[in-house]
Amino acid sequence: MWSQELCMAATRIAAVAHAEQTVPGTELPYLLHVTLVAMEVAAALRVESGHDEDLAMQCALLHDTLEDTDVTYAQLKATFGSAVADGVLALSKEPTLPKEAQMADSLRRIQLQPRAIWLVKLADRIVNLQAPPKHWPATKIAAYREEACGILDALGEASPLLAARLTAKLVTYGVGCD
Ligand SMILES: [Mn+2]
């Protein structure tokens, strides 16, 4: 069982860091997204053993802080330690790379991390696979689905539960992966 103290500390930092942000396309606080990702990870930890549970939960709660807020790697390292800071860094896109190379680069870096970090990426995409916005062209929908298939392919073995949940989401989103 993960430490409630550590999770509360991570939730607080995330709440402050994302305070001004909303879930895209809604008026809801961005912390909702972060919470849903943590709930997906918690569901996997309930039924699958062998993961560093504190690492998984803290990184779930903090996973968008480096990419989307003023929180720095140094702050994460000082507050939560190297493993958490390194996990969140792997989950963050490298902005200096061309956009089309960023996902593959992040997946490669996640694969070098403990499986706890793989869970967070799977959970993030499960939560983000809502019905596509009405204005999205078919090509954009296809590209997003393709990217999700790549995540499933690269990281799915870390969690049978999350792999199954992501697969089910993809089926409702469009067609399955090849
Ligand atoms: Mn996210």
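Buried residues are those under 20% relative accessible area, exposed residues are over 50%, and partly exposed residues fall in between, with a 1.4 Å probe and protein chains only. By this scale R165 is partly exposed, because its relative accessible area is 37%.

The model is predicted, so local features need pLDDT of at least 70 and side-chain atom pairs count only at pLDDT 80 or more, while totals for chains, interfaces and linings use all residues. Residues are numbered from 1 along each chain as its sequence is written, and side-chain values use heavy atoms, with hydrogens and water left out.

## The manganese site

The manganese ion has as its protein donors H33 (NE2), H63 (NE2), D64 (OD) and D124 (OD), which lie 2.2 to 2.3 Å from the ion. Donors here are N, O and S atoms within 2.8 Å of the metal (3.2 Å for Na, K and Ca), and sites may look incomplete since water is not among the atoms. Along the chain, the donors of the manganese ion follow the spacing H-x29-H-D-x59-D. Helices are DSSP runs (H or I, at least four residues), numbered from the N terminus. D64 counts as buried because its relative accessibility is 7%, and D124 likewise counts as buried, at 10% relative accessibility.

## The nonpolar core

Helix α8 also belongs to the account of the core. A nonpolar core is a set of buried Ala, Val, Leu, Ile, Met, Phe, Trp, Tyr and Cys residues joined through side-chain atoms within 4.5 Å. The largest one has 56 residues, and those with the most contacts inside it are V41, M57, C59, L76, I110, L155 and L166. Helix α8 (residues 115–128) gives the most to this core, with 9 residues. When neighbours within four places in sequence are left aside, V41 is in contact (heavy atoms within 4.5 Å) with A56, M57, A60, L119, V120 and A123.

In helix α7 (residues 99–111), the buried residues are Q102, M103, D105, S106, L107 and I110, and the buried residues of this helix pack against α6, α8 and α9 (138–155). Helix α6 (residues 82–90) contains S82, which counts as partly exposed because its relative accessibility is 35%.

## Salt bridges

A salt bridge is a side-chain nitrogen of Lys or Arg within 4 Å of a carboxyl oxygen of Asp or Glu, and the structure holds 6 of them.

| Pair | N to O distance |
|---|---|
| R165 and E40 | 2.7 Å |
| D105 and R109 | 3.0 Å |
| R125 and E147 | 2.7 Å |

R165 lies in helix α10 (residues 160–173) and E40 in helix α2 (residues 31–47), so this pair ties together parts that are 125 residues apart in sequence. E40 is buried, with a relative accessible area of 10%. The pair of R125 in helix α8 and E147 in helix α9 ties together parts that are 22 residues apart in sequence; R125 counts as buried at 5% relative accessibility, whereas E147 is partly exposed, with a relative accessible area of 30%.

D105 and R109, by contrast, both lie in helix α7, 4 residues apart, about one turn of the helix. D105 is buried, with a relative accessible area of 14%, while R109 counts as partly exposed at 24% relative accessibility.

How values were computed: Helices (H or I, at least four residues) and strands (E, at least two) are DSSP runs, numbered from the N terminus.
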